[in-house]
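Welcome, and please load the model in your viewer.

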Amino acid sequence: MKTQVAIIGAGPAGLLLGHVLRAEGIDCVVIERQTPDYVLGRIRAGVLEQGIVGMMARLGLDDRLKAEGLPHDGFNLADGERLIRIDVAALTGQQVVVYGQTEITRDLMDAAAARDLEVIYGADDVALHDIEGDAPFVTYVAHGKPQRIDARFIVGCDGFHGPSRQAIPASVARHFERVYPFGWLGILAEVPPCNHELIYANHERGFALASMRSATRSRYYIDVPLSERIEDWSDDRVWDELAIRLGPEAAARMTRGPSIEKSIAPLRSYVFEPMRHGSLLLCGDAAHIVPPTGAKGLNLAASDVHYAGEALVRWFRAGDGDSVADYSDKALARVWKSERFSWSLTKLMHRFPDDGPFERRMQLAELDYIASSVAAQTSIAENYVGLPV
Ligand SMILES: Cc1cc2nc3c(=O)[nH]c(=O)nc-3n(C[C@H](O)[C@H](O)[C@H](O)COP(=O)(O)OP(=O)(O)OC[C@H]3O[C@@H](n4cnc5c(N)ncnc54)[C@H](O)[C@@H]3O)c2cc1C
């Protein structure tokens, strides 16, 4: 098979890029290892910046997002004693929208056939070849038979563990990483949220986040040492811990219910440079990971797709090679700012095992400063709502 762009991975980044390219008349094929149900079964991000909301609108794929997404004007930071509300709408004139990654992925998946976007699911042993030349190709195995797709470009949207990043030679690869000494234990339940906006809490027993996926579906998190096992956390134990960490007011409004999903995810900050090598571009988690504090992962994947889509359209329309050459620097400039924001919010809202009284005073001083300074709140708000692309 021959195409213009072979996209590896049908997560949100791969499907979104596929739609962006098809909307511009560029041929592409998305190659995914898993089944559609498996991809939709992953419970992940839920807070959308205006960037991805705008992309879905421009693609004409935002009917459900507009009908079911919950616009949020702000969010809250709690430190055990007080609640600091960051009024994102008043400070930036923008909102974020709560709409699950699963729903975005479903919208992109459902529209694929009608938009002539071919997605191959169940592709085993995906491998990239000749990425340094101008005739790269992808091989994979489908139903036991070897397959090959020739393309002008390959875009790796295959997440942190996919083969694309590994195809870039070690001699040019640079890795930047911070692994955190805790993970987030998340619980998803069909119960109304305890608050209409998110609450990030830094309690002496640890971090907690009250979040939601819809008006009837709540997503809560607590941080736990990496040695914890999910089997040791009954739903009751999670709800009890959340009630303590989120404080009495939120606890009084919290509706408990059986978990639909419960898991522990490790936290990591990671950036891979460069995000382009030869004819291979990387987008989303294939190139970088942020801790979920601040909800940047999915949104960063979307801004990469925006830059990659723009560069590829220019290349195919006008033969503009500079746009592809500039992709890595352009995308990384925004990636690093989001990495900074997620890392700083993680540092502010978690108790690290090695932290002593000094670090705790620093957290309290920073929270005090945020509570009293419009400038500090504006800085947080503009990062939270998403820096411009
Ligand atoms: C447990 C968890 C919780 C998260 N919570 C949040 C959150 O609350 N807020 C937030 O903003 N972000 C969150 N994230 C991050 C967010 O989900 C990711 O940033 C987002 O999924 C990135 O999209 P992506 O398309 O780049 O990668 P993925 O969603 O990882 O998609 C990659 C795709 O590539 C496919 N693939 C992998 N290997 C191969 C292969 N060999 N061949 C073919 N296909 C392959 C995968 O099956 C997958 O479908 C969370 C992530 C995790 C893991």
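Predicted model: local features only at pLDDT ≥ 70, side-chain atom pairs only at ≥ 80, totals over all residues.

Start by selecting His143, which sits in the loop between β10 (137–142) and β11 (145–150); helices (H or I, at least four residues) and strands (E, at least two) are DSSP runs, numbered from the N terminus. Is His143 buried or exposed? His143 is exposed, at 84% relative accessible area; the cut-offs are under 20% for buried, over 50% for exposed and partly exposed in between (1.4 Å probe, protein chains only). The phi of His143 is positive, near 50°, in a residue other than glycine.

Residues are numbered from 1 along each chain as its sequence is written, and side-chain values use heavy atoms, with hydrogens and water left out.

**Backbone stops**

Next, select Asp125 in strand β9 (residues 124–129). Asp125 also has a positive phi, near 50°, and is exposed at 60% relative accessible area. Most residues other than glycine have a negative phi, and most peptide bonds are trans. With that in mind, which kind of peptide bond runs from Glu273 to Pro274, cis or trans? The bond is cis, with omega near 0°. You will find Pro274 in the loop between β17 and β18 (276–277).

**Two domains**

Colour the chain by domain, with bounds from an automatic or database domain assignment. Domain 1 takes 5–48 + 64–71 + 99–176 + 268–345, and domain 2 takes 180–267 + 349–385. Their C-alpha centres are 29 Å apart. Contact (heavy atoms within 4.5 Å) involves 20 residues of domain 1 and 20 residues of domain 2.

Together the domains bury about 1600 Å², with 61% of it on carbon and sulfur atoms; buried area is the accessible area (1.4 Å probe) that two parts lose on being put together, summed over both. On the domain 1 side, select Ile43, Phe341 and Leu345: these lose the most area to domain 2, together 30% of what that side buries.

How many salt bridges cross this interface? The rule, a side-chain nitrogen of Lys or Arg within 4 Å of a carboxyl oxygen of Asp or Glu, finds zero between domain 1 and domain 2. Six residue pairs are in polar contact there, both residues at pLDDT 80 or more. A polar contact is a pair of N or O atoms within 3.5 Å; within protein, one must be able to donate a hydrogen and the other to accept it, and residues adjacent in sequence count only if both atoms are side-chain atoms. The largest share, five residues, comes from α11.

**Salt bridges**

The structure as a whole holds 28 salt bridges. Zoom in on Arg334 and Glu49, whose side chains meet in one of 3.1 Å, N to O. Arg334 lies in helix α11 and Glu49 in the loop between β3 (47–48) and α3 (50–58), so the pair ties together parts that are 285 residues apart in sequence. Arg334 is buried at 5% relative accessibility, and Glu49 is buried at 4%.

Move on to Lys262 and Asp235, joined by a salt bridge of 2.7 Å, N to O. Here strand β17 supplies Lys262 and helix α8 (residues 235–246) supplies Asp235, linking distant parts of the chain, 27 residues apart. Lys262 is partly exposed, at 24% relative accessible area. Then select Arg64, Glu68, Glu103, Arg106 and Asp107, which salt bridges with shared partners join into one network.

**A covered helix**

Finish at helix α6 (residues 101–110), which is mostly covered, with seven of its 10 residues buried. The buried ones are Gln101, Thr102, Ile104, Thr105, Asp107, Leu108 and Met109. What covers these buried residues? Show α1, α2 (36–40), β3, α3, α4 (63–68) and α10 (297–318), which are included in the cover.
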